[in-house]
Amino acid sequence: MKRKGRKAEVAPHEVAVRLASLLPEPNALIGALAVAAHGYIRATDDIDFVSPADPKEIQARLAKAGIASKARRGDVLEGDIPSVVYGRADGFRFDVLFPPVPIDWSRTVILPLAEGSRLRVVDLDTLVRLKLRAGGPQDLIDVVHLVRLHSDIEERAFALADAYGVRERLEEWLADPRIRSSEPVASRHRPSRRSRERGRSRQR
């Protein structure tokens, strides 16, 4: 069923590419689409980016393209994200977050999303940190699948889970039989280490 305000022919990766072209540099894709770019594909209606730009600049650029947005500032002392600009584009919810974890922009990678489109995405280590910091059930499930796809990051993921106080919950999801039995990823969509390194070499 078509959702209100969404063009039937528009896919989330197409909206993500459009938004990326409008946002100030640097910016990078995070969230479910970034997880998909790193190998684990799941359904999502959300498009998430990080950008260190001032929220007012982000809103102004979006407004010029006819995209309405709002900005919200968080209490950093309480552990909130410093700021987020949010709205809807072609019926998809989007969020542009001020980086809630340190980001080495030189390590962002350009990866394929779908149908020939490519986009700058946070590197795998940063994506895992973002997910563990968020700490929601779906975030931890995403980390479980990423660890299983990229076994070389398992030790690092557990160390980060310790740092963010979510190791016990992560281990519970790792042991959950519903997660063990799920195989939603087609191997042809999983970027190889070589393609990730090639994408990194193409950074601006």
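This is a predicted model: local features need pLDDT of at least 70, side-chain atom pairs count only at pLDDT 80 or more; totals for chains, interfaces and linings use all residues.
**Close-up 1. The largest nonpolar core, to which L19 belongs.** This core has 57 residues, and those with the most contacts inside it are L19, L29, I47, F49, L62, V128 and L132. In soluble globular proteins, nonpolar side chains tend to be buried together.

**Close-up 2. The packing of helix 4 against helix 5.** The axes of helix 4, which covers residues 124-134, and helix 5, which covers residues 137-149, come within 8 Å and cross at roughly 150°. Since angles over 145 degrees count as roughly antiparallel, the two helices are therefore roughly antiparallel to each other, and their crossing is left-handed. Helix 4 makes the contact through L124, L127, V128, K131, L132 and A134, while helix 5 contributes D139, L140, D142, V143 and L146. Sorted by class, the residues of this contact are eight nonpolar and three charged, with no polar ones.

**Close-up 3. L111 in strand 6.** L111 lies in strand 6, which covers residues 109-112, and it counts as buried because its relative accessibility is 0%, where buried means under 20%. Although L111 and H38 are 73 residues apart along the chain, their C-alpha atoms are separated by 8.0 Å.

Note on methods:
Residues are numbered from 1 along each chain as its sequence is written. Side-chain values use heavy atoms; hydrogens and water are left out. Axes are lines fitted to C-alpha atoms, for helices over the stretch in contact, and angles run from 0 to 180 degrees between N-to-C directions. Helices (H or I, at least four residues) and strands (E, at least two) are DSSP runs, numbered from the N terminus. Angles under 35 degrees count as roughly parallel, over 145 as roughly antiparallel, 65 to 115 as roughly perpendicular and the rest as oblique. A crossing is left-handed if the near helix is turned anticlockwise from the far one by less than a right angle, and right-handed if clockwise. Contact means heavy atoms within 4.5 Å. Ala, Val, Leu, Ile, Met, Phe, Trp, Tyr, Cys and Pro count as nonpolar, Asp, Glu, Lys and Arg as charged, and the others, Gly among them, as polar. A nonpolar core is a set of buried Ala, Val, Leu, Ile, Met, Phe, Trp, Tyr and Cys residues joined through side-chain atoms within 4.5 Å. Buried means under 20% relative accessible area, exposed over 50%, partly exposed in between (1.4 Å probe, protein chains only).
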